[in-house]
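Please open the model in your viewer and keep the selection panel at hand.

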Amino acid sequence: MSDHKAHSEAAHVKIYMMVFGALMVLTIVTVLVSYLHLPPALGILIGLAIATTKASLVATFFMHLKWERRLIYGLLGLTVFFMIVLFAVPIVDNHGLKPNIIHYDQPAAEEAHH
Amino acid sequence: MKDHSEHGEHNGAHQDDFVGKYIFSVDHKVIGLQYLFTSMFFLLFGFTLVLLMRWQLAYPGTRIPLIGSLLPLSLAPGGVMLPSFYNSLGAMHGTIMVFLGIVPLGVGAFGNYVLPLQIGAPDMAFPRMNMMSYWSYLPGGCLMLLSFFLPGGAAQSGWTSYPPLSVINPGQTTWLIAMVFLITSSLLGSINFIVTTLNMRAQGMTLWRMPVFVWAQFVTAILLLLAFPPLEAASILQLMDRVAGTSFYIPANLVVGGKLLDHTGGGQPLLWQHLFWFLAHPEVYVLILPAMGIVAEIIANNTRKPLFGYKEIVGAMIFLGGMSFVVWAHHMFLSGMTPALSNFFLVTTMIISVPSVALLTCLVFSLHGGSIRFTVPMLFALAFLPMFGIGGLTGLPLGMPVTDIYLHDTYYVIGHFHYVVVTGTIIALMGGTYFWFPKWFGRRMSEGWGKFHFWTTLLCMNGVFMPMFIMGMAGASRRLYDPTAQLHNLTTQPMNVVSTISAILLMTAQIPFLVNFFYSIFHGEKCDSNPWHVTTLDWACPSPPPHGNFAKPPRVYRGPYEYSLPGAKADWIPQDVKEAA
Amino acid sequence: MSTATMEHAPVESTGIPNGKLGTWLFLASEVMLFATLFTSYIVLRVAAPSWPRGWDVLNVPLATLNTFILITSSVTIVMAHAKVLEKDKAGFRRYMFFTLLLSFGFLIVKSFEYASKFQHHHYPATSIFYAIYFTTTGLHGIHVIGGILFNAGLMIWGAGDGWEDPLFAGRVEYAGLYWHFVDIVWIFLFPALYLL
Amino acid sequence: MNGASGNYGMGLPIQASDAAPHIDLGLRVIHFAMFAIFILWSIFFVYLLLKYRKRAGVAAQREHMGLFWSLLPDAIVLGFEILLIFFYAIPGWTRFKMDAPKPEDSTQIEIVAQQFNWNIRYPGPDGKFGRTDPKLIDFANPLGIDPTDPASKDDYVSVNQLHLPVGKPVLIRLSSMDVIHSFFIPEFRVKQDAVPGMRVPVWFTPTREGQYEITCAQLCGVGHAIMRGDVSVHTPEDFQKWLAEASAPPAEARAAAPIEQW
């Protein structure tokens, strides 16, 4: 059940190869950056940005999202929205709870004062 | 493989043998009936479990009559149940009723059988996946049942399975494995429902011509699709905690029974609660939306007029579905969650009440100007309205964090939940059974016995759950093995007795229903293909429909509820009829 | 097949083939599954008093190799699909074979990684970090195995009467969609566990 | 049996803390509104059923009531809820769960739940809780208090017996040793889950002397039903007298306090 339109496969293959190259380069970059041992906040930001770029490349070209119908976009948009909710609430809650978490390894005096 | 005749032939090969036709069938109607009978069994089984609990609650520490002596020594020595058995019953009652009873009945049975018919499709989009969905549900269910007899027994940590209790309690591993089966079943089913609804509609069946029931099933399927995976992942993490000794939900330095636990710690008990309720709140709408769809169909049919605000009803359902993902933490106001978050969830919870009110209002206003036939299905659909109203209204003090401080984890919560799910959903599902019975079997159930069943059931259900509000207001805590062990439960103990006696009567009241149901399958009064004079496509094919459902693909010319059109000869015009005669 | 039947009957539909819509819906649910694992990862990491850096406890070069392997396999499977559309049976077989080879390669590298962890007595129960590490990579590994089974099945089917089946190109595309998703999960797992 | 048994009836228990009147007000207002809505609605419902029942020669009308009438119930419910949110729910929640009283103005208590007991610790005259270490936990030392910490010398631990002075805020640090429990005193309208690994603050002001009951509101295992404790609210003078007597014996002798193990 080929639903492919008139676009030529040869053109696609060329795009695939370019994306392949970009993914390889980005992988090398993210590994190299990690060897700099950046402070966690900056490291996470860069690592996440590169990973998101790579994932978008795969989704856009390999998964043909660039040529896909609106319904699929809608479905993915809905999923991403609920995914963000699923991320946000436990993380916000976790942040708010920090003062309440017990750490037994802390020194006695601090423990007593809380 | 290109046209209908070949399609029929293709599956016709299976029809000769019993196994292909009734066991591993790919026909949505057979699968629907498989779900129907299986989930009815589980509902009765779950009900039996709660009768045992109710006996213990009303007459703590006394011998369970009739079956007490049959229970093994490890559960109920001398016929008196042990606390561990009581906790198992509580956990299994909740799990079985929700995941093995109501959802498979509302979605698996009614959805599977009726949805393809109502959109004019010959079958589901993925018939074999449909079969796999049932055959993932059944082993999951059997495993749940078996868990009573496995070493360690059945789960004892409530259907919510809060860790660390669920990690240290026996029996939980079986529960988690069975849940993975059930979740897989639901995911397979929901993908099938969504694709079927989007891609398999008969010509002319635009989205805004779909019956409300189809919309309800469609929204439900989306909820199942996106809400269940988090529970699946959370269950896997809990399974790891139990089997591999990890500490996803176990904080450091737990001391159980005077001994330090082996787990290294570093986990978060609240994480499970977030992930669990991320599923379990949408799950409530999975329980109620198909019921609302059924009620809407029955009301439109029996008032002989279009529904009030069809688009408002559909819009409210979609809005409910979407909002149901952002209200879950109102189950966690007192869990130790960051208090500021409660205010956010208070607001979303109040927002979600608005579409619920809108739905109920539309259904009630649909009665205005109608010509109401008090058939048995209609009685059930009508009873749904005030009963669901009570369930919804009592959600108000629970959704307010301040009043929830007092009512949380009391019998008030149980009363609220059961008013929504039992007097709401189950009443609607019973009505749906009477309504579609002629479709399933080509025969009618007895009206007289149906009315008897209705009135006794309604009365007994209120007798079971109304006392719970009184107990809850007096502060009585839930999930207590022996309510008389605590002072604050003593004064309301008579209410437990009322509730228990009503529950026993309620079980008795189901006997006429079961007899009526099974007798009518074989000996009921035969009827034509559309005895209720319904407009939707499910009644445009023979009863029961043959393989492939429609003799030729139907074509839809009008909306779903064309009743009492002025100038028309009959007071109903089916969707597939072109001209008003 | 009934899916084919439906597309030829006059119906109201989205125009997206059933199989493709079903695959995307399945992937949506998979997104939620892995999102839950990532949520757990973030919550547990933020709450932990200390958290090991990936490069101190895990083998970054092996994981980088695995990243290359998985990305390459994504390219080969998309090429396999392109060959199906070009009606190049030998090309399809070649690329699908490479895909399978690479997926096995991924699992072999992974098993070496696991083995060295077990040798050093690092188990899921050792710490919350290892719990996350083994659970997420393990679940991802199960998804890889699932992909291998599906791809191998397609290869066998394509060698026989499957090649002529009107559903074949679609099935290869859906296998590709799933495989790219597995790739994407790894693209996030790799930095989350090894590099941050 | 116990002084608390007279506190309960078929309705709300007696009010014994500053939270009780506020929460009861909400419960009463909401339930009054619920009854009113339900009764009005039921009258309308029954009217529709009677008026539009099937009768010979009367056909159903296709026209509906106006949309306005269907929006009315929504608007009423929404308005009522907005009022409740801003003038009742958020202020109340802030007061009972977000604005803790200052520790120096309050009676400080630590409560550590375990299967199936409430361990209650008073910091003693120095106002400081001594260090605890889970490794030190045994039957004689249910909280694992470290005796080498000077702040722990005057700590007093009681099991299932909570004594409080009337009229002064109580600030409890609530936690659990094993599973999730829920600390609930019905007369105080106070409830909070006790979560292992976390120390959740709970506060209220007892307003009435007497005997009350602590109960566990969250399923915590086989002994959940028998997990309870007694609360005694005294005058401030009586409370000081009780505390002095209770915490008088030296640390070694205290350890012999009876501990119920279920």
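**Stop 1: a sheet in chain D**

Select strand E1 (residues 107-114) and strand E5 (residues 170-176) of chain D: the two run parallel and are joined by seven bridges. Strands here are DSSP runs of E with at least two residues, helices are runs of H or I with at least four, and both are numbered from the N terminus. For one bridge, pick Thr107(D), whose partner in E5(D) is Val170(D).

This is a predicted model, in which local features need pLDDT of at least 70 and side-chain atom pairs count only at pLDDT 80 or more, while totals for chains, interfaces and linings use all residues. Residues are numbered from 1 along each chain as its sequence is written, and chains are lettered from A and ligands numbered from 1 in the order in which they are written.

Now widen the selection to the open sheet of five strands in chain D, ordered E3-E2-E1-E5-E8 with mixed pairing. Two strands pair if DSSP finds at least two bridges between them.

**Stop 2: chain D against chain B**

Show chains D and B together. Their contact takes 83 residues from chain D and 86 residues from chain B; residues are in contact if their C-beta atoms, placed from the backbone, lie within 7 Å. On the chain D side, helix H2 (67-98) gives the most, with 16 residues. That side divides into 49 nonpolar, 19 polar and 15 charged residues (nonpolar: Ala, Val, Leu, Ile, Met, Phe, Trp, Tyr, Cys and Pro; charged: Asp, Glu, Lys and Arg; polar: the others, Gly among them).

**Stop 3: chain A against chain C**

Here the contact takes 41 residues from chain A and 45 residues from chain C. The largest share of the chain A side, twelve residues, comes from H3(A).

**Stop 4: two helices of chain B**

Select H12 (residues 376-393) and H15 (residues 411-441) of chain B, whose axes come within 8 Å and cross at roughly 165 degrees. Axes are lines fitted to C-alpha atoms, for helices over the stretch in contact, and angles run from 0 to 180 degrees between N-to-C directions. H12(B) is therefore roughly antiparallel to H15(B) (an angle over 145 degrees). Among the contact residues are Phe384(B) of H12(B) and Ile427(B) of H15(B). By class, this contact has 16 nonpolar, five polar and no charged residues.

Notes. Parallel < 35°, antiparallel > 145°, perpendicular 65-115°, else oblique. Contact = placed C-beta atoms within 7 Å.
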